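Here is a short briefing on one protein chain. Have the sequence and the 3D view open as you read.

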Amino acid sequence: MFSLQELLGQEQGNSAVDQISQNVGAEPSSVNSAIQAALPMILNGLASNAATPQGAESLDNALAQHDGGILDNIGGLASSIFGGQQQAATPAPQVDGGGILGHIFGGSQDQVAEQVGNKTGLGTGQVSQIMMFLAPIVMGYLGRRKREQGVDAGGLGGLLGGLLGGSRQSAGGLGAMATSYLDKDGDGSALDDIAGMAGGLFKK
């Protein structure tokens, strides 16, 4: 199971966890536990939606518009997600983390957050905020990896599978439960509007 420290580097990952902890009012250890449960669920959701050619193309198009720059402005992202007086070197990007989650989980992100909360002891509202922070980070990370590795739509399943350790069940029962919420509109992909929901995140 990977963490923000693995995604962002040790120092930046620890700083991000501290910012989350301060804003959601939880101990860093509990925040880390929620992150370790939520990250594979988000990846499972993206992988499920990218399992069809149409879904893979939608995700590829979204990631192609983003170079991963959000990973270098975690303070700005925190300001966008949590509000308040966050310290950021550059202005906060306009990111709708909840909107991204809604398209991944078919509008059932509250149930997903509840399940993570049950596993970690955090409240559903706290977990929801954590997941809204994680969603654009995951998209930024995937965008950077796609660009660095020259991955096209056909290779996204392998990229996501590698991050999940080759197992779609990396999140255990949580992963299977999350997958069951996907694509509630039945159009074959919940990724259609992610780029729009991300606002400036996917703008070059």
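Thr-124 is partly exposed, because its relative accessible area is 32%, and partly exposed covers the range between under 20% (buried) and over 50% (exposed). This value comes from a predicted model.

**Thr-124 and its contacts**
- Leaving aside residues up to four places away in sequence, Thr-124 touches Asp-110, Ala-113 and Glu-114.
- Ala-113 lies eleven residues from Thr-124 along the chain. Their C-alpha atoms are separated by 5.5 Å.

**Helix α7 against helix α8**
- Helix α7 covers residues 109-120, and helix α8 covers residues 124-149.
- The two helices pack at an angle of about 110°. Their axes are 8 Å apart.
- That angle makes α7 roughly perpendicular to α8, because angles of 65 to 115 degrees fall in that class.
- The crossing of α7 past α8 is right-handed.
- On the α7 side, the residues in contact are Asp-110, Val-112, Ala-113, Glu-114, Val-116 and Gly-117.
- On the α8 side, they are Thr-124, Val-127, Ser-128 and Met-131.

**Helix α3 against helix α8**
- Helix α3 spans residues 28-49. Its axis and that of α8 come within 10 Å.
- The two axes cross at roughly 55°, and α3 and α8 are therefore oblique to each other.
- α3 also passes α8 in a right-handed crossing.
- From α3, the contact is made by Val-31, Ala-34, Ile-35, Ala-38, Leu-39, Ile-42, Leu-43 and Leu-46.
- From α8, it is made by Ile-130, Met-131, Leu-134, Ala-135, Val-138, Met-139 and Leu-142.
- Met-131 of α8 takes part in this contact, and Met-131 also meets α7.

**Helix α9 against helix α8**
- Helix α9 runs over residues 156-163. The axes of α8 and α9 come within 11 Å and cross at roughly 120°.
- That makes α8 oblique to α9.
- Here the crossing is right-handed.
- Tyr-141, Leu-142, Arg-145, Lys-146 and Gln-149 of α8 meet Leu-159, Leu-160 and Leu-163 of α9.
- Leu-142 is among the α8 residues that meet α9, and Leu-142 is also part of the contact with α3.

**The whole chain**
- How many helices and strands are there in the chain? There are eleven helices and zero strands.
- Read along the sequence, the pattern is α-α-α-α-α-α-α-α-α-α-α.
- The chain has 204 residues, and 52% of them are buried.
- Take the contacts between residues at least 6 apart in sequence. Of these, 74% join residues at least 24 apart.
- The accessible surface of the chain is about 8,400 Å². Carbon and sulfur atoms account for 45% of that surface.

- The mean pLDDT of the chain is 77. A value of 70 or more is reached by 74% of the residues.
- Where is confidence highest, and where is it lowest? It is highest in helix α2 (residues 10-24), at a mean of 92, and lowest in helix α11 (residues 194-197), at 40.
- Over residues 166-204 the pLDDT is below 50. Beyond near neighbours in sequence, that stretch has 99 contacts in the model.
- Where pLDDT is low, the predicted coordinates should not be read in detail.

Conventions:
Residues numbered from 1 in each chain as written. Predicted model: local features only at pLDDT ≥ 70, side-chain atom pairs only at ≥ 80, totals over all residues. Heavy atoms only, no water. pLDDT = per-residue confidence, 0-100. Helix = DSSP H or I, 4+ residues; strand = E, 2+ residues; numbered from the N terminus. Contact = heavy atoms within 4.5 Å. Buried < 20%, exposed > 50% of the residue type's maximum accessible area, 1.4 Å probe, protein only. Areas by Shrake-Rupley, 256 points an atom, 1.4 Å probe, with all protein chains shown as cover. Axes fitted to C-alpha atoms, helices over the stretch in contact; angles between N-to-C directions. Parallel < 35°, antiparallel > 145°, perpendicular 65-115°, else oblique. Left-handed = near helix turned anticlockwise from the far one by under 90°.
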